Amino acid sequence: MSDWINRACDEVDRLAAQDPYFQELDAQRKALEPIYQRILDSIPESDRENLIEYEYLISELAYQKIQAAYQLGCRRTV
């Protein structure tokens, strides 16, 4: 992983820890997590694997957009 990614991730984590809206969303996610896990446990394994793969791909797409936005921002500040 590139050094800039590590630095950027550390900075994002620091900012998110201070952001009330992020904290509210994370609390909502944590509250729903047992329900989500119960639902995952109740479906057939093949469906569970497909759902987990789908969620991974959504997350990876968002991550790639964030990287592109960061790189674009770096180019504009030079």
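Helices here are DSSP runs of H or I with at least four residues, and strands are runs of E with at least two, numbered from the N terminus. Hi everyone, with that in place, let me walk you through this chain.

This is a predicted model, where local features need pLDDT of at least 70, side-chain atom pairs count only at pLDDT 80 or more, and totals for chains, interfaces and linings use all residues. Residues are numbered from 1 along each chain as its sequence is written, and side-chain values use heavy atoms, with hydrogens and water left out.

The chain has 3 helices and 0 strands, so its order from the N terminus is α-α-α. Of its 78 residues, 8% are buried, meaning under 20% relative accessible area, while exposed is over 50% and partly exposed lies in between (1.4 Å probe, protein chains only). The accessible surface is about 6800 Å², with 60% of that on carbon and sulfur atoms; areas come from the Shrake-Rupley method with a 1.4 Å probe, and for residues only the protein chains shown count as cover.

Now to helix α2, residues 20-42. Its 23 residues should span 33 Å at 1.5 Å a residue, and the end C-alpha atoms are 34 Å apart, which agrees. The expected span is 1.5 Å times one less than the number of residues. There is also a kink of about 40° at Glu33, shortly before Pro34; the bend is the angle between axes fitted to the seven residues ending there and the seven starting there.

Side chains of opposite charge can pair when their charged atoms come close. We count a salt bridge when a side-chain nitrogen of Lys or Arg is within 4 Å of a carboxyl oxygen of Asp or Glu, and the structure holds 4 of them. Which residues does Asp26 pair with? Asp26 bridges to Arg29 at 2.9 Å, and to Lys30 at 3.4 Å. Asp26 is buried at 18% relative accessibility, whereas Arg29 is partly exposed at 42%.

Arg29 also bridges to Glu33, with the closest N and O atoms 2.7 Å apart. Those two sit 4 residues apart in α2, about one turn of the helix. Shared partners thus join Asp26, Arg29, Lys30 and Glu33 into one network of salt bridges.

Finally, Tyr36, Leu51, Ile52, Tyr54 and Ile58 make a nonpolar surface patch of about 450 Å². Helix α3, residues 45-77, gives the largest share, 4 residues. Ile52 lies in α3 and is partly exposed at 41%. Thanks, everyone!

How values were computed: Patches are made of residues with over 30% relative accessible area and no salt bridge: like charges are joined within 9 Å, nonpolar side chains (Val, Leu, Ile, Met, Phe, Trp, Tyr) within 5 Å.
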